[in-house]
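Please look at both before reading on.

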Amino acid sequence: MRRPTLEAVAARAGVSKSSVSRVVNGDATVTPAIRDLVIKAVRELGYVPNGAARSLATQRTNAVAVIVSDPPKGLVCDDPMFSTVVRTMSRLLEAAGKQVTLMLAGSPESQLRVEQFVAAGHVAGVMLVSMHGADPLPGSLARMGVPMVSLGRSVSGVPYVDNDNVGGAAVAVRYLHSQGRRRIATITGPLDMLASQDRLTGYRETLRDTGRRSIVALGDFTRISGAEGMRQLLDDDPGLDAVFAANDLMAIGALHALREAGRRVPDDVAVVGFDDIEAALYTAPPLTTIRSPMGDQAAAAARLLLGLFEGAPGDPVIMPNELVIRESA
């Protein structure tokens, strides 16, 4: 297929060619309305500026962009595992002679800047971190033909590394049930992320197998949402006796809310998290959780990308996880 031209983008957006050029080149004087129209047309057509394909094909740069889809609330960068991910990826990639560039893509404007940067041939490959299901960025970058790996399963067909989110959640629920818990609730992560969807699926399917009903509160992977979700669950079902939080930060928030409500852990309510961050050792009581070492996943993702540079097939990698039993359950 012929690559879309600047003229085609202008026609699709209903603006002048010069307006498209100004947006693509990052001119700050363009009005937001015009910029939005051009961004939409660029993404719909898969427009790549001239010269980008030649630059990418010759691989004249050794740079790798680690692109984080971090929303305005900063959920990802606030996660204690984020530094582990970036540090591990950087060490492996730099040891292989690659220069690592960290880029945040949490808004349409920042996503356009990322697309322009990659399309201009400034990077040899891309590592995606914390992508959301409706995020257009993976599809846009995939059309540019740049080697790309996602840390976490992606809906866009990008090679990825992830852990067994469904299976890990199932292990947590089966363990709680084996301990005599019968009213097991969950606090989900943001449901536009596949990891959250998979952990909710594992919870629901396992609970259904035990003949019990789901009790669900929505969270966003933060401590605050864990505390708020726990309060909601107690209001909805005061008799619940266990909660599976889709990550440790929310489990820590849930412990705080239970303490506020005068509920003893684990006597009244057992709590299980997911990830096994360092803080899980120091909660009161220490947190039972599903261990999912992000450093190992980040290393596997870096190796997968390096393999793509050498022509390897890029098959998905699913990392194992395990239940770590502590005093909260």
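Phe221 is found in the loop between β7 (216–218) and α10 (223–236); helices (H or I, at least four residues) and strands (E, at least two) are DSSP runs, numbered from the N terminus. The model is predicted: local features need pLDDT of at least 70, side-chain atom pairs count only at pLDDT 80 or more, and totals for chains, interfaces and linings use all residues. Residues are numbered from 1 along each chain as its sequence is written, and side-chain values use heavy atoms, with hydrogens and water left out.

**Backbone features**

Most residues other than glycine have a negative phi, and most peptide bonds are trans. Phe221, although not a glycine, has a positive phi of about 75 degrees. Phe221 is also buried, with a relative accessible area of 16%; buried means under 20% relative accessible area, exposed over 50%, and partly exposed in between (1.4 Å probe, protein chains only). Asp275 in strand β9 likewise is not a glycine and has a positive phi, of about 130 degrees. At 8% relative accessibility, Asp275 counts as buried.

From Val265 to Pro266 the bond has omega near 5 degrees, and Pro266 belongs to the loop between α11 (248–260) and β9 (270–275). From Ala284 to Pro285 the bond has omega near -5 degrees, and Pro285 lies in the loop between β9 and β10 (288–291).

**A buried threonine**

Thr186 is placed in strand β6 (residues 184–188). Is Thr186 buried or exposed? With a relative accessible area of 2%, Thr186 is buried. A polar atom of the Thr186 side chain lies 2.8 Å from the backbone oxygen of Phe244. Beyond its neighbours within four places in sequence, Thr186 is in contact (heavy atoms within 4.5 Å) with residues including Leu200, Tyr203, Ile215 and Phe244.

**Two helix pairs**

Axes are lines fitted to C-alpha atoms, for helices over the stretch in contact, and angles run from 0 to 180 degrees between N-to-C directions.

| Helices | Axes come within | Crossing angle |
|---|---|---|
| α5 (residues 81–95) and α12 (residues 294–309) | 8 Å | roughly 35 degrees |
| α8 (residues 165–178) and α9 (residues 194–209) | 7 Å | roughly 40 degrees |

α5 passes α12 in a right-handed crossing, and α8 passes α9 in a right-handed crossing too. A crossing is left-handed if the near helix is turned anticlockwise from the far one by less than a right angle, and right-handed if clockwise.

Ala, Val, Leu, Ile, Met, Phe, Trp, Tyr, Cys and Pro count as nonpolar, Asp, Glu, Lys and Arg as charged, and the others, Gly among them, as polar.

By class, the contact of α8 with α9 has 7 nonpolar, 3 polar and 4 charged residues.

**The chain as a whole**

The secondary structure of the protein chain comes to 12 helices and 12 strands. Of its 329 residues, 56% count as buried.

Technical notes:
Polar contact = N/O pair within 3.5 Å; in protein donor to acceptor, adjacent residues only side chain to side chain.
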